[in-house]
Amino acid sequence: MGDTSWIVKTPEQIEERERKQKAHDKLVESCVFCNIAFRNDLRADILYKDSKYVVFRDIRPSAKEHYLVVTKKHIKNLKQLSYDDIPMIENMIDVAKATLVKNEADPDNARIGFHLPPLVSVDHLHMHVIAPADKIGFFGRLMFRPDSYWFLTVETFLEQLRAKESEFWGSEKMMSNWYVEPYMR
Ligand SMILES: [Zn+2]
Ligand SMILES: [Zn+2]
């Protein structure tokens, strides 16, 4: 019984929906990556798009293939992610590797990761995917140095998230995701 759309909306619910719609419109207007995700920005070279993620080419490529995998949801940066976001990160990696294969690049010779604040150009979570990793130029090698103070590879980031498991179990977030929801269905 997941579908509750048949329920008549109260004025409060209608107001809430309008408020959310306005907030969303404002984000699309002000955030470069939300704009690419939700509008047809002709300047963006979009390689892949589904209901959750968008992949497009970085405007300043550090190797032959350099993409950004962006969540359609406006998440500010990786500091906002926790243990229960692991499946999302894994999905982003799958999307990244599939896009590399589609563009005839080797996913095993790629650098995939995130910039750490404050070295983040746009405040919207984006995964860098760069290949071939052994042909990244001098400046790129610095900008995307694995596990430096400013760049985290996905492998290290996933390890960090997994380490948060104990914080997650029993937390309010976990309760709302795993415990309350079944009873709402
Ligand atoms: Zn955004
Ligand atoms: Zn970046």
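Is Glu 104 buried or exposed, and how many C-beta neighbours does Glu 104 have inside 10 Å? The close-up views below take up this question and others. The model is predicted.

**View 1. Glu 104 sits in a loop with a positive phi.**
Glu 104 lies in the loop between H3 and S4. Its phi is about 60°, although Glu 104 is not a glycine. Glu 104 counts as exposed because it has 9 C-beta neighbours inside 10 Å, and the cut-off for exposed is 12 or fewer.

**View 2. Asp 147 is another non-glycine residue with a positive phi.**
Here phi is about 55°. Asp 147 belongs to the loop between H4 and S6. With 12 C-beta neighbours inside 10 Å, Asp 147 counts as exposed. A residue is exposed at 12 or fewer, so Asp 147 falls within that limit.

**View 3. A cis peptide bond joins Ala 131 and Pro 132.**
Omega is about -5° at this bond. Where is Pro 132 placed? Pro 132 is in the loop between S5 and helix H4, which covers residues 138–143.

**View 4. Six strands form an open sheet.**
The strand order is S1-S2-S3-S5-S4-S6. Pairing is antiparallel. Strands of a sheet pair through backbone hydrogen bonds. Which strands lie at the edges? They are S1 (46–49) and S6 (151–153), and each pairs on one side only. From one strand to the next, the twist averages 25°.

Tyr 48 stands opposite Val 55 in S2.

**View 5. Two helices pack on the sheet.**
Helix H3 covers residues 86–102. H3 touches S1, S2, S3 (65–71), S4 (111–115) and S5 (126–131). The direction of H3 makes about 150° with that of S3. Helix H5, residues 154–162, also packs on the sheet. H5 touches S4 and S6. Its direction makes about 80° with that of S6.

**View 6. The largest nonpolar core has 32 residues.**
Which residues touch the most other members? They are Val 55, Tyr 67, Val 69, Val 70, Ala 96, Met 127 and Val 129. Helix H2 (32–38), S2, S3, H3, S4 and S5 each supply at least two residues of this core. H3 gives the most, with five.

**View 7. Met 127 has contacts beyond its sequence neighbours.**
Neighbours within four places in sequence are left aside here. Met 127 is then in contact with Leu 68, Val 69, Met 92, Ala 96, Ile 112 and Phe 114. Met 127 and Ala 96 are also among the core residues that touch the most other members.

**View 8. The whole chain has seven helices and six strands.**
Along the sequence, the pattern is α-α-β-β-β-α-β-β-α-β-α-α-α. The chain has 185 residues, and 24% of them are buried. Take the contacts between residues at least 6 apart in sequence. Of these, 64% join residues at least 24 apart.

Where pLDDT is low, the predicted coordinates should not be read in detail.

Note on methods:
Residues numbered from 1 in each chain as written. Chains lettered and ligands numbered in written order. Predicted model: local features only at pLDDT ≥ 70, side-chain atom pairs only at ≥ 80, totals over all residues. Pairing = 2+ DSSP bridges. Helix = DSSP H or I, 4+ residues; strand = E, 2+ residues; numbered from the N terminus. Axes fitted to C-alpha atoms, helices over the stretch in contact; angles between N-to-C directions. Contact = placed C-beta atoms within 7 Å. Buried ≥ 20, exposed ≤ 12 C-beta atoms within 10 Å, placed from the backbone. Core = buried A, V, L, I, M, F, W, Y, C linked by C-beta atoms within 7 Å.
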